[in-house]
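Subject: Structure handover

Hello,

Here is the structure for you to look over. Please open it first, then read my notes below.

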Amino acid sequence: MPPVSAPSSRTRVRRLPDRAHYDADTVAAIVDAAMLCTVAFQIDGMVHAIPTIHWREGGHLYIHGAKASRMLKALTAGEACVTIALADGLVLARSAMHHSMNYRSVVIYGRFEPVTDPSYKLNSLRAFIEGLYPGRWDTLRPITDKELNATGLLRIALSEASAKIRAHGVKDDEEDLSWPVWAGVVPLRTVAGEPVAERDSVLQEVPQTRLG
């Protein structure tokens, strides 16, 4: 994918700039690690922020929805801001003011563009499903032309984006180090739960997912 450009006036991290990353690989890794993003946009002067599932191909983030969706229509008509945040750990300090969280986040600015070529749409939706459930696409009932036509597919370039990461332990004041309370980091991770099959599922074998 093409490198992210130097930070723009919108993406430059001003608060704790030492946590900022502007390289394409870091941005892409966080986009790939998350399943949901939040898309902010305007409709008739009102700001909306909607969470939605996403995936990445090359230098673009993709989302999909019904063609009639007013969000999808608004995203091709004006500027948007996409945010992603992943919580990696709870940081417990010796004082309330120094408690924190380890995290990875990305902010993307730009305008979404529609993807209309049917074969491109189909291949992108395949990449979406395969990214969540490796090997599943070829086992599914094929998408019909009617379904494909009713699905809107949008993408936004990752060229104006920044990442912000905290990935370290407690930073307490020196005078608090002897305070008699536990200090450290509690790691957080997302794991798959126990699958629950539909009663009328023809097969009972559980498919693979990206979470294992």
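First, the ground rules. This is a predicted model, where local features need pLDDT of at least 70, side-chain atom pairs count only at pLDDT 80 or more, and totals for chains, interfaces and linings use all residues. Residues are numbered from 1 along each chain as its sequence is written, and side-chain values use heavy atoms, with hydrogens and water left out.

The sheet. Four strands form an open sheet in the order E4-E5-E9-E8, with antiparallel pairing. E4 and strand E8 (113–114) are the edge strands, each with a single partner, so one side of each has no neighbour in the sheet. Strands (E, at least two residues) and helices (H or I, at least four) are DSSP runs, numbered from the N terminus. Two strands pair if DSSP finds at least two bridges between them. E4 and E5 have three bridges, in the antiparallel sense. There, Glu57 stands opposite His60 in E5.

His60. This residue is buried, with a relative accessible area of 18%. Buried means under 20% relative accessible area, exposed over 50%, and partly exposed in between (1.4 Å probe, protein chains only). Not counting residues up to four places away in sequence, His60 touches Trp55, Glu113, Arg155, Ile156, Ala157 and Leu158. Contact means heavy atoms within 4.5 Å.

H3 (residues 118–132) has 15 residues. From first C-alpha to last, H3 reaches 22 Å, close to the 21 Å expected at 1.5 Å a residue. That expected span is 1.5 Å times one less than the number of residues. In H3, Lys121, Ser124, Leu125, Phe128, Ile129 and Leu132 are buried. Seen down the axis of H3, these residues fall within an arc of 140 degrees, so they line one face of the helix. The arc is taken from the directions from the helix axis to the C-beta atoms. Their cover includes strands E3 (46–53), E4 (55–57), E5 (60–66) and E9, and helix H4 (145–150).

Thr151. This residue lies in strand E9 (residues 151–157). Thr151 is buried too, with a relative accessible area of 18%. Its side chain reaches the backbone oxygen of Glu147 at 2.8 Å. Leaving aside neighbours within four places in sequence, Thr151 is in contact with His64, Gly65, Lys67 and Lys121.

Best wishes

Notes
A polar contact is a pair of N or O atoms within 3.5 Å; within protein, one must be able to donate a hydrogen and the other to accept it, and residues adjacent in sequence count only if both atoms are side-chain atoms.
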